[in-house]
Amino acid sequence: MTTTQTPVEHLDVLVVGAGISGIGAGRYLRTELPAKSFAILEAREASGGTWDLFRYPGIRSDSDLHTFGYEFKPWRDEQSIADAPRILAYLRETITENGLDAAIRYSHRVLAASWSTAEARWLVDVERTDTGERLQLSAGWLFCAGGYYRYDEGHTPVFAGRERFRGPIVHPQHWPEDLDYAGKRVLVIGSGATAVTLVPAMAGTAGHVTMLQRTPSYVMPVPRNDVLANRLRALLGEERAFALTRRKNIARGIGIWRFCQKYPKAARRLIRWVNTKQLPEGYPVDEHFNPPYDPWDQRLCAVPDGDLFRAIRNGTADVVTDRIQTFTEKGVLLASGRELEADVVVTATGLTVQAIGGISLTVDGEPVHLPDTVAFKGMMLSGVPNFVLAIGYTNSSWTLKIGLLCEHFCRLLAHMDAHGFDVARPEPSDPDMPTRPFLDFAAGYIQRAVDQLPRQGDRMPWLTSTSYSSDVKLLRADSVTDPELHLSRSADRVAVTA
């Protein structure tokens, strides 16, 4: 008796994740390499990634959309620091405009991928999250666009006595639709971007909101609307105004970051002066808004039109800087001995970092241990063929890096096609090259997971650039070939360095 096996579907490129990076990758593949077959696998039932997942009050960008948006698609909304529904509409419009709807396969979670050098392909294990069915796909390239944090689990520290608290305790990543906080005392634990977003957004409805932080963050007011951008749109039209505004905002962002890096004391004084002007007279600025680290050692928190400061001024919100000793029935007892009473507690305590979406990788039967790999041009991994990791900037708009990375990826594939190559494997010429963390960033959510991530080297092309201008040269202007990127033909299995 003979049996037939259903052939495994093969694609040129398999993109993992239908968030801002995966949608961008799909658009570049569709326009730059229209002959390539590809699919975008999304574990959830909807596109948009972060902007569909998070539902907490006030959810918005902390970068301006003229740089956080795609270079190929002008941001037309009057809001520059935009709320999630507007960003989600923009992303889904991008999908439709570029004919990506049919390419996205929802409820498809990638579990594992194994590379075969003999066949020059990835065999990918996929789970249907809606039916539980398991299936396999094969692909010439794997493009991992799932970001760097877990969608199913945020980070919450262990708090003593948590079970004693009588009210609800919620994490912003898992916001209950039916949470009623109107007229109630809300305690938001945290000091990062999520906390400074939540506090003013909830303060208009809650009885009072307290932001409890262990360590202050740098907080700066920014205009929600870019007045100049909106004027340029009226004068020059969408396309030209967007291009000019984007260049302006890129230059401004780079300038601010460089100033903070070169003159940290002056930057600290300037930020403190701005904070003082925004806060009530006599407010203890140094206690609540003067971090122990330099500006941009961690990301600055942007507050649109100073909404956090306005909530503090009008008395609907306040900030407490202290440590939690234990939860109580009524709230939390602090190390200082003070008890903060609350009806609702929100743990805005960060993300759980997870590289490559938790996918298990093997190369010719050998498991890939990410901390043993080194990032090539910030986008590929040493010893891992035909694999791209899409990680954006931590000190600027995420999408600035993603756009350059997608361009470079498409140019590399075109070069390989033109020369008959089908395998690209980065390998350092110096196996003893010193390394350091891939994301050299002091934020707590990164530091908690730094030993689980790839590394970066001490020289190009193994450095992970944090400079947009440097990456424009490296990823857009420079050649896609490199002595440490080995290109080969699987047909004859003879390595050829381009």
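Domain bounds here come from an automatic or database domain assignment. With that in mind, select domain 1 (10–151 + 352–495) and domain 2 (156–349), and give each a colour. Their centres, taken over C-alpha atoms, are 30 Å apart.

Before going further, a word on what is on your screen. This is a predicted model, in which local features need pLDDT of at least 70 and side-chain atom pairs count only at pLDDT 80 or more, while totals for chains, interfaces and linings use all residues. Residues are numbered from 1 along each chain as its sequence is written, and side-chain values use heavy atoms, with hydrogens and water left out.

**The whole chain**

Switch to a cartoon view. The protein chain has 13 helices and 26 strands; helices (H or I, at least four residues) and strands (E, at least two) are DSSP runs, numbered from the N terminus. The radius of gyration is 24 Å, close to the 23 Å of the globule rule for 498 residues, so the protein chain is as compact as a globular protein of that length. That radius is taken over C-alpha atoms, and the rule is 2.2 Å times the number of residues to the power 0.38. Along its principal axes, the C-alpha trace spans about 75 × 60 × 50 Å.

Now select the residues in contact (heavy atoms within 4.5 Å). Domain 1 brings 41 residues to this contact and domain 2 brings 39 residues. About 3300 Å² is buried between them, with carbon and sulfur atoms giving 53%; buried area is the accessible area (1.4 Å probe) that two parts lose on being put together, summed over both. Which residues of domain 1 lose the most area to domain 2? Show Y56, R60 and H66, which together make up 20% of what that side buries.

Next, show the side chains of R299 and D62, which meet in a salt bridge at 3.2 Å, N to O. A salt bridge is a side-chain nitrogen of Lys or Arg within 4 Å of a carboxyl oxygen of Asp or Glu. Between domain 1 and domain 2 the count is two salt bridges.

Helices α3 (65–68) and α13 (468–477) are worth a click too: each supplies at least two residues of the side of domain 1 that touches domain 2. That side divides into 17 nonpolar, 13 polar and eleven charged residues. Here Ala, Val, Leu, Ile, Met, Phe, Trp, Tyr, Cys and Pro count as nonpolar, Asp, Glu, Lys and Arg as charged, and the others, Gly among them, as polar.

Select R76 and E239, a salt bridge whose closest N and O atoms are 4.0 Å apart.

**Helix α6 and two backbone stops**

At the start of helix α6 (residues 227–236), a side-chain oxygen of D226 reaches to within 3.3 Å of the backbone nitrogen of L228. After α6 comes G237, with a positive phi near 90°.

Most residues other than glycine have a negative phi, and most peptide bonds are trans. Finish at the peptide bond from M460 to P461, which is cis, with omega near 5°. P461 lies in the loop between β24 (455–456) and α13.

Note on methods:
A polar contact is a pair of N or O atoms within 3.5 Å; within protein, one must be able to donate a hydrogen and the other to accept it, and residues adjacent in sequence count only if both atoms are side-chain atoms.
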